[in-house]
Amino acid sequence: MTIRSEHDIRIAVNAVRILANSLSFSKVDLQKLIVAVSELTQNVLDHTNEPGIFICEMIDGRGIKITVQDRGKGINELDQILEGTNNFQKKGLGLGLVGAKRLVDDFQIETSEKGTKVIATKWKNN
């Protein structure tokens, strides 16, 4: 789905909620997924002037993979942001990525001057 507005973020969060509930994710893991999706999709609105793409899919009946992609200008100093060593004063810059990374089990990010793509996966705990 396309992320253009706050309304689209709510739709993305609801899609993740439905999928996680169908897989019987715990309430704690469901909340982690919701926060991660909210952070990643909000970054599209906060840091680009272009619509983004959100994809949510089930993996082997035991995990959820989230993909968020934008066509922004890319992320400078990505390593420092993900390590938490970049001391940005602007609201939200990098904090959403660090938070999302901590909330999921697998986190991959690719960024360039053509945009950023994040793939985050959360596995169901038995």
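Helix axes here are lines fitted to C-alpha atoms over the stretch in contact, and the angles between them run from 0 to 180 degrees between N-to-C directions. Keep that in mind for the helix pair below. The model on screen is predicted.

**Whole chain.** Start with a cartoon view of the protein chain, which has four helices and five strands. Read from the N terminus, the order of elements is β-α-α-β-β-α-α-β-β. Of the 126 residues, 40% are buried. Switch to a surface view: the chain exposes about 7,500 Å², and carbon and sulfur atoms supply 47% of that area. Among contacts between residues at least 6 apart in sequence, 60% join residues at least 24 apart.

Show Phe54 and look across to strand 3, where Val68 stands opposite.

**Helix 1 against helix 2.** Select residues 27-47, helix 2, together with helix 1. The two pack at an angle of about 155°, and their axes are 9 Å apart. Angles over 145 degrees count as roughly antiparallel, so helix 1 is roughly antiparallel to helix 2. The crossing of helix 1 past helix 2 is right-handed. To see what meets at this contact, show side chains on both helices. On the helix 1 side are Glu6, Ile9, Ala12, Val13, Val16, Arg17, Ala20 and Asn21. Facing them from helix 2 are Leu30, Leu33, Ile34, Val37, Ser38, Thr41, Gln42 and Leu45.

**Two loop residues.** Most residues other than glycine have a negative phi. Select Ser24, in the loop between helix 1 and helix 2. Phi of Ser24 is near 60°, a positive value in a residue other than glycine. Then go to Asp60, in the loop between strand 2 and strand 3. Asp60 also has a positive phi, near 50°. Is Asp60 buried or exposed? Its relative accessible area is 64%, so Asp60 is exposed.

Conventions:
Residues numbered from 1 in each chain as written. Predicted model: local features only at pLDDT ≥ 70, side-chain atom pairs only at ≥ 80, totals over all residues. Heavy atoms only, no water. Buried < 20%, exposed > 50% of the residue type's maximum accessible area, 1.4 Å probe, protein only. Contact = heavy atoms within 4.5 Å. Areas by Shrake-Rupley, 256 points an atom, 1.4 Å probe, with all protein chains shown as cover. Pairing = 2+ DSSP bridges. Parallel < 35°, antiparallel > 145°, perpendicular 65-115°, else oblique. Left-handed = near helix turned anticlockwise from the far one by under 90°.
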